[in-house]
Amino acid sequence: MDKEIALEVTSAKRKKTAVIITISLAVLVFAVMLLRGYIKSTITRAEITTAKVEIGNIENTINATGEVLPEFEEIITSPINASIKSALMDAGNKIKAGQSILTLDKSATQTDYEKQKFQLETKRTEISKLKLDLNKSFYDIQSNNDIKQLHISNLADAVENAKRLYKAGGGTRENIEQAELNLKVAQLEKKQLENEIKSKQQTMQLEIKEAEIAADIQQNDLKELQRKLDLANVVATRAGVITYVNKNIGANIHEGETLARIADLGSFRIQGSVSDNVADQVRSGLPVIVRINDDQLRGHVSNVSPSVQNSIISFDVQLDDRANKLLRPNLKVDVFLVTATHNKIMRVANGPAFKGPSVQDIFVLNNGKAERRTVHIGLTNFDYVEIQSGVKAGDEVITSDMSEYKNSKEITVK
């Protein structure tokens, strides 16, 4: 008769089996990993790109974007509300100072000018009439004052006569007092009239001054309108090339609206923009590299905008060669702000093999093999990577992406 196996024995056997299986799997995985590290993978020469380690200089740069703009550009705006009558020039045409670009229909403004001119003449006529009226009023008051003076003289004589009669016994004291009273009243009336004359003079001067100021303001407005009418003859004030002209014949143009742009294409500047994340590194005088296709131009930051718009900082670049033949208006270019420079260091052409960390593994060609090496990375830019250790000048480094072989110690290159 069979005996039942104890539950504790069965459980122990199961645990032992699980431990053995787990250890076996771990050993197997470790062996595979170890084997992969020593397996000599194979790659063809056509699959990779390489570059020689050389001694040279390197500049650390910040990537930015830029647009080529004429260094000097005149924007011609409409001085009046008008409509475009005809376009005499087209964008791209060279132009000399004094040449016409557009013809505007300025009849409405001309009518307004004639109306204001008539109003000014009317105002001047009113001023002349005001002077005549005020002079007449002043003359009437002055005449009344002269009459008062004659009346006072008569009253003074009457006082003297009353006093003589009184001494001769032919008059009374009351007659003298009455004559003196009449004289005082006349003198007070004359003084009042003199004050009125003085006040009238001041009033006259103020009224004429106000009218003259109003006329002067209207005269200045008329001169300004005449100036705008003269500017409405849209002509170039300097020689250059027309980069824009509004050719919408018949379109209504408001005062201040752009009609044309004239640029001096003999010299250019770069208007750059960069993320505000590097705002603390962007400053005036910073060296700049401008890349146009495969060519490079040098310059420096001449001005940095103090404001940030949409997380973007704008800056201007003054080029060393502002008349380079590669420069074209509105051309988009790559701009690189140089923040640091290292001289006489080991460098190699930049490529996908360099991922960014300061310590990383790369592959170096040696006798038909690609050997993995750990290197220390310094400055980097769009062209070169500085290698501080792990290689020597003359070594040939694989610059293409080798992440597929990151666990290989050595690769055979066919």
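Author: One term is needed at the outset: contact means heavy atoms within 4.5 Å. This is a predicted model, in which local features need pLDDT of at least 70 and side-chain atom pairs count only at pLDDT 80 or more, while totals for chains, interfaces and linings use all residues. Residues are numbered from 1 along each chain as its sequence is written, and side-chain values use heavy atoms, with hydrogens and water left out.

Reader: Into which domains is the chain divided?
Author: The division gives domain 1 (42-59 + 344-413), domain 2 (63-69 + 265-341) and domain 3 (108-208). These bounds come from an automatic or database domain assignment.

Reader: How many residues of domain 1 are in contact with domain 2?
Author: Five residues of domain 1 are in contact with eight residues of domain 2. The centres of domain 1 and domain 2, taken over C-alpha atoms, are separated by 31 Å.

Reader: What area do domain 1 and domain 2 bury between them?
Author: About 580 Å² is buried between domain 1 and domain 2, with 59% of it on carbon and sulfur atoms. Buried area here is the accessible area (1.4 Å probe) that two parts lose on being put together, summed over both. Glu59, Leu379 and Phe382 supply 82% of the area that domain 1 buries against domain 2, more than any other three residues.

Reader: And how many salt bridges are there between domain 1 and domain 2?
Author: Two salt bridges are counted between domain 1 and domain 2, the term meaning a side-chain nitrogen of Lys or Arg within 4 Å of a carboxyl oxygen of Asp or Glu. The side chains of glutamate 59 and arginine 298 meet in a salt bridge at 2.9 Å, N to O.

Reader: What does the total count of salt bridges come to?
Author: The rule gives 12 salt bridges. One of them joins aspartate 383 to arginine 291, with the closest N and O atoms 2.9 Å apart. That pair links distant parts of the chain, 92 residues apart: aspartate 383 is in the loop between strand S16 (369-380) and S17, and arginine 291 is in strand S11 (residues 287-292). Helices (H or I, at least four residues) and strands (E, at least two) are DSSP runs, numbered from the N terminus.

Reader: Which residue forms a salt bridge with lysine 355?
Author: Lysine 355 is paired with aspartate 401, the closest N and O atoms being 3.1 Å apart. Lysine 355 is exposed at a relative accessible area of 53%, whereas aspartate 401 counts as partly exposed at 42%. The scale is under 20% relative accessible area for buried, over 50% for exposed and partly exposed in between (1.4 Å probe, protein chains only).

Reader: Which residues are linked in a network of salt bridges?
Author: Glu371, Arg373, Lys392 and Asp395 are linked in such a network. Within this group, the side chains of glutamate 371 and arginine 373 meet at 3.6 Å, N to O. Glutamate 371 is partly exposed at 22% relative accessibility, and arginine 373 is partly exposed at 21%.

Reader: Is aspartate 395 buried or exposed?
Author: Aspartate 395 is buried, its relative accessible area being 9%. This residue lies in the loop between strand S17 (384-389) and strand S18 (396-398). A polar atom of the aspartate 395 side chain lies 3.0 Å from the backbone nitrogen of lysine 392. Not counting residues up to four places away in sequence, aspartate 395 touches Ala51, Lys52, Val53, Val364 and Arg373.

Reader: Changing topic: how many bridges join S3 to S14?
Author: Strand S3 (residues 54-77) and strand S14 (residues 332-349) run antiparallel and are joined by 13 bridges; two strands pair if DSSP finds at least two bridges between them. The bridge partner of threonine 61 in S14 is valine 338. S3 is also joined to strand S10 (residues 258-275) by 12 bridges, again antiparallel, and there glutamate 73 has alanine 263 as its bridge partner.

Reader: In what order do the four strands of the open sheet stand?
Author: The order is S7-S6-S4-S9, with antiparallel pairing. Strand S7 (233-235) and strand S9 (252-253) are at the edges, each with a single partner strand, so one side of each has no neighbour in the sheet. Between strand S4 (residues 82-87) and strand S6 (residues 100-105) there are four bridges, and serine 86 stands opposite threonine 103 in S6.

Reader: Finally, what is the phi of asparagine 310?
Author: Asparagine 310 has a positive phi of about 55 degrees although it is not a glycine. Most residues other than glycine have a negative phi. Asparagine 310 is in the loop between strand S12 (295-309) and strand S13 (312-319), and counts as exposed at 75% relative accessibility.

Key:
A polar contact is a pair of N or O atoms within 3.5 Å; within protein, one must be able to donate a hydrogen and the other to accept it, and residues adjacent in sequence count only if both atoms are side-chain atoms.
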